[in-house]
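Please read the points in order.

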Amino acid sequence: MKILIIEDEKELSEVIRQSLEMEAFLVETAGDYCSALDKIISFDYDCILLDIMLPGGSGLNLLQELKSMEKSDNVIIISAKDSLDDKLAGLNLGADDYLTKPFHIAELTARVKSVLRRKSFQGKNLIEIANLKLEPDERTVSIDGNTLALNRKEFDILMYMILNKNRLVNKTSLAEHVWGDYMDDWDDYEFIYSQIKNLRKKLKENSAGIEIQAVYGIGYKLAQL
């Protein structure tokens, strides 16, 4: 899952980033209004952690931008401002949760997982499709009850494809979602092809009831057999 931290306190942002990366999330950061606006315009995120008071502008204006673009990114406001008006303003603009500073990192992580389950997984801790079961929190996959060994990126690709099972996923959106800023270090999509190839092979060898189909020149689509 891809998360954006919009927070100008560098130490806090780094602590949150490290904690979420330990939970196997892909994390990007922005420390001011302009860089945050650039990211939310250019990319989609599963969850945005948003401070209200930012250099160059208000986090509430960023929420308004997300709403005007009709984006469905989950948003948790993290702010030192604890007034009822601020909370209501944030929630009315589409925020999913509001956490007042200071807070325990463990509570923030729990709220992130809760928001993701509520919107992406309809509140479920287990996703089932055909004969495959995927547990997002535990990051485990099984086929007919047998554990399927996947590396981190293979798991991320599979979960993204399952979440978009009725859509054609293009290579660019897949790369942005699974690799984030790191995709800028690559000159082509060979890093995707390699992971997809290995994942498709593992699904086939373990008689999965799904397969990832390549759509030439565009991307991939998840299909049930």
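1. For the charge count, Lys and Arg are positive and Asp and Glu negative, with His and the chain ends not counted; each charge is placed at NZ of Lys, CZ of Arg, CG of Asp or CD of Glu. In the protein chain, the mean positions of the 28 positive and 38 negative charges lie 6 Å apart.

2. This is a predicted model, in which local features need pLDDT of at least 70 and side-chain atom pairs count only at pLDDT 80 or more, while totals for chains, interfaces and linings use all residues. Residues are numbered from 1 along each chain as its sequence is written, and side-chain values use heavy atoms, without hydrogens and water.

3. The protein chain contains eight helices and 14 strands (DSSP runs, H or I of at least four residues and E of at least two, numbered from the N terminus). Its C-alpha atoms fill a box of roughly 55 × 35 × 30 Å along the principal axes.

4. Of the 225 residues in the protein chain, 48% are buried (under 20% relative accessible area, 1.4 Å probe, protein chains only).

5. Beyond its neighbours within four places in sequence, Leu132 has contacts (heavy atoms within 4.5 Å) with residues including Ile127, Val141, Leu158 and Ile210.

Note on methods
Buried means under 20% relative accessible area, exposed over 50%, partly exposed in between (1.4 Å probe, protein chains only).
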